[in-house]
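Grab a pencil and work through the exercises below with the model open beside you. Try each task yourself before you read its solution.

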Amino acid sequence: LGQTPEEEESVRDRHSHYYLEFMRRQTQPLHSHQQSQALLEVLAEVDNVRAAWHWAVAQRRVLEIGRAVRSWSILYDIQGWYREMELVCRETIDMLDTGRGSEEYGRHKNSEAERERGIVLGQMVAAYGGVLLRTGSLGRSKALLQQSITLLRKYDAPDELANTLFYAGSLAQLMGDYAVAKTLLQEGLALHQACGDQRGEGLCLAVLGVTAGLVGNYAEAKILMQQGADLLRTVGDHRYLAIVLSFLGKVVAATGELAAAKRLLEESLAISQGLNDRWNQAFCLNHIGTMTFLLGADAWPEAKRLYQESLAIAQELGERNAAAMSLNHLGQIFYAQGEFGEAKQHFLTALETALAGQGTPVALDALVGLLTLQVNQASTASHSGLTLKEQAVATLAMVLNQPTTMHQTKEKADRLLAQLESALPPSVFESAQTRGAASSLEAAAREILMSWQK
C-alpha cells in the first residue's frame with residue numbers, strides 16, 4: 001500500500017466500498033431476529049467501518065453513505081457512542097451541504113443525483129437530530145428533525161420521512177408537546193403501513209401509547225404499547241422491543257399492577273443488558289426504581305440504588321433527560337425519608353438539568369417537588385412581596401395551566417394546592433391563582449431558584 005498515490009487511492013476506494021456495502025447488507029439483520037448476531041459481526045469490523053465511512057465522506061461517495069446510514073445509526077445508537085456519532089454526523093452533513101456547489105452536482109442540477117444527495121442529507125440530519133434526542137439536547141434536536149422533514153418532503157422520500165416522523169414524534173412527547181406528537185406519529189404510522197413496514201408501524205404505535213400514558217389515558221396507552229410490542233416481537237427488533245416493554249412496564253405500574261410491571265421491566269432490562277444498550281438500561285432502571293418505590297418504605301433503599309445506577313449511566317452517556325428523571329425521583333425518595341437537604345439538592349439539580357435540555361415535563365415535576373418541600377417545611381418567609389404559600393399557589397396554578405404537564409404531576413399539584421387552599425384566605429388564594437395562571441415555567445423556575453439560593 002502506498003507505492004503510488006493512485007494505487008493507494010484505488011485500494012482505499014475498494015476498502016470503503018466493501019465495508020459500506022457490508023453495512024448495507026446488515027440493515028435488515030440489525031432490525032430483525034438476527035440482531036444479536038449481526039451486531040457481533042459489525043462490532044468485529046467496526047474499525048474498518050469507521051475508516052470506510054471517513055474515506056467515503058472525503059471522496060463524496062453520497063450513494064454509498066446513503067445505503068449504509070440506517071445500519072450505521074443503529075450500531076452507534078445501541079452502543080451509546082453518541083459523542084462520536086455527533087462528530088461523524090456533522091462531518092458528513094458538511095460534505096453533503098458543500099456538495100451542492102461542486103462541479104459534479106452543478107452538471108446534474110435538479111437531476112436524480114441532486115435528489116439522492118438531498119435524501120441522504122435528510123437522513124443524516126435526522127440521525128444528528130436523533131443523537132441529540134438521545135442525549136437530551138431537545139431544542140437542537142427539534143430544529144434538526146424539522147429540517148430533515150422539510151428535505152424529505154421536498155425530495156418525496158416516504159420511507160425515510162416515516163423514520164424521521166417517528167423521531168420527531170418521540171421528541172415532541174419528551175418536550176410535552178402531546179398534540180404535536182400525536183399528529184407526527186399518526187402520519188408516520190400511515191406511511192409505515194403504506195410501505196408494509198411492521199417495525200416502523202410498531203414503533204409509532206408504541207410511542208403513541210407512551211404519549212397517551214403521559215396525559216393519563218392509561219387504558220389506551222396499554223393497548224397501543226402492547227400492539228407496538230407485538231409487532232416488534234414479530235419482526236424481531238429486540239432493541240426497540242426492550243424500550244417499549246420498559247415504558248409499558250412504567251404505565252402498568254402506575255395502574256397498580258406491580259407484578260405484571262415487574263415481569264415487563266425485567267424482560268426489558270435483560271434484553272438491553274444482552275445487547276449492551278446503555279440508553280435503555282438507564283430508562284429501565286429508572287422505571288424499575290419507580291415500581292420499587294411503590295412497594296413501600298422497606299423497598300425505598302433498593303429504589304434509591306436503582307435510581308443512582310440509572311443516573312450514573314445517564315451521566316456516562318451525557319443523557320440529560322434520563323439524568324433529570326433520576327435526580328427528580330431521588331429527590332422524592334429523600335423527601336419521603338425526611339432527608340430534606342438531600343431532597344432539595346436533587347430537586348434543584350433535576351430542575352436545572354431538565355431546563356438545560358428543554359425537557360419541560362420533568363422540569364415541571366421537579367418544580368412541584370421543590371414546592372412540596374418548601375410548603376411542608378412550614379416556612380413563612382416572604383419573597384417578591386408574596387408569602388411563600390402565596391407564591392406556591394401561583395406556581396402551582398402555572399404548572400396546572402401548562403399543556404406540557406404530565407398527568408401524575410397534575411395529581412401531585414392538585415393535592416398540594418388543596419392543602420394550601422385551606423391555609424390561606426379565599427381572596428388571597430384566588431388572587432395568587434390568577435397571577436400564576438399567566439406566568440411561565442421560566443419565570444417560576446427563576447423565582448424558586450432565587451428563593452432557595454437566599
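This is a predicted model: local features need pLDDT of at least 70, side-chain atom pairs count only at pLDDT 80 or more; totals for chains, interfaces and linings use all residues.

Residues are numbered from 1 along each chain as its sequence is written, and side-chain values use heavy atoms, with hydrogens and water left out.

**Exercise 1. Check the span of helix α20 and work out how enclosed this helix is.**

Step 1. Start with the naming: helices (H or I, at least four residues) and strands (E, at least two) are DSSP runs, numbered from the N terminus.

Step 2. The expected span of a helix is 1.5 Å times one less than its number of residues. Helix α20 covers residues 388-401, which is 14 residues, so it should span 20 Å. Its end C-alpha atoms are 20 Å apart, and that agrees.

Step 3. Now look at burial, where buried means under 20% relative accessible area, exposed over 50%, and partly exposed in between (1.4 Å probe, protein chains only). In α20, 11 of the 14 residues are buried, so the helix is largely enclosed by the rest of the structure. Among those buried residues are L388, E390, Q391 and M398.

**Exercise 2. Describe the aromatic pair Y76 and W81, then the pair W279 and F283.**

Step 1. Know what to look for: a pair of aromatic rings is described by the distance of the centres and the angle of the planes. Rings of Phe, Tyr and Trp (its six-membered ring) pair if their centres lie within 6.5 Å; planes under 30 degrees apart count as stacked, over 60 as edge-to-face and the rest as tilted. By this rule the count comes to 11 aromatic pairs.

Step 2. Y76 and W81 sit 5.2 Å apart, centre to centre, with 85 degrees between the planes, making the pair edge-to-face. Y76 has 2% relative accessibility, so it counts as buried, while W81, at 22%, counts as partly exposed.

Step 3. An α-helix has 3.6 residues a turn, so residues three or four places apart point the same way. W279 and F283 are both buried.

**Exercise 3. Which charged residues sit over the rings of W279 and Y240?**

Step 1. For W279, the residue over the face is R134, at 4.2 Å from the ring centre. For Y240, the charged end of R239 sits over the ring, 5.2 Å from its centre.

**Exercise 4. How many cavities of 30 Å³ or more does the structure hold, and what lines the largest?**

Step 1. On a 1 Å grid over the protein atoms alone, a cavity is a set of points where a 1.4 Å probe fits but cannot get out, and a pocket is an open set with protein on both sides within 12 Å along at least five of seven lines; lining residues have an atom within 4 Å of a point. Grid points are joined across faces, edges and corners, and a volume is the space filled by probe spheres set on the points.

Step 2. Of its 17 lining residues, the closest to the centre are S170, V207, I243, F247 and W279.

Step 3. Helix α9 gives the largest share of this lining, 5 residues. By class, the lining has 14 nonpolar, 2 polar and 1 charged (Ala, Val, Leu, Ile, Met, Phe, Trp, Tyr, Cys and Pro count as nonpolar, Asp, Glu, Lys and Arg as charged, and the others, Gly among them, as polar).

**Exercise 5. What lines the largest pocket?**

Step 1. The largest pocket has a volume of about 1200 Å³. Its lining counts 45 residues, with H329, Q332, D365, Q408 and K412 nearest the centre.

Step 2. Helix α19 supplies the largest share of that lining, 9 residues. The lining divides into 23 nonpolar, 17 polar and 5 charged residues.

Definitions and conventions: A charge sits over a ring if NZ of Lys or CZ of Arg is within 6 Å of the ring centre and within 35 degrees of the ring normal.
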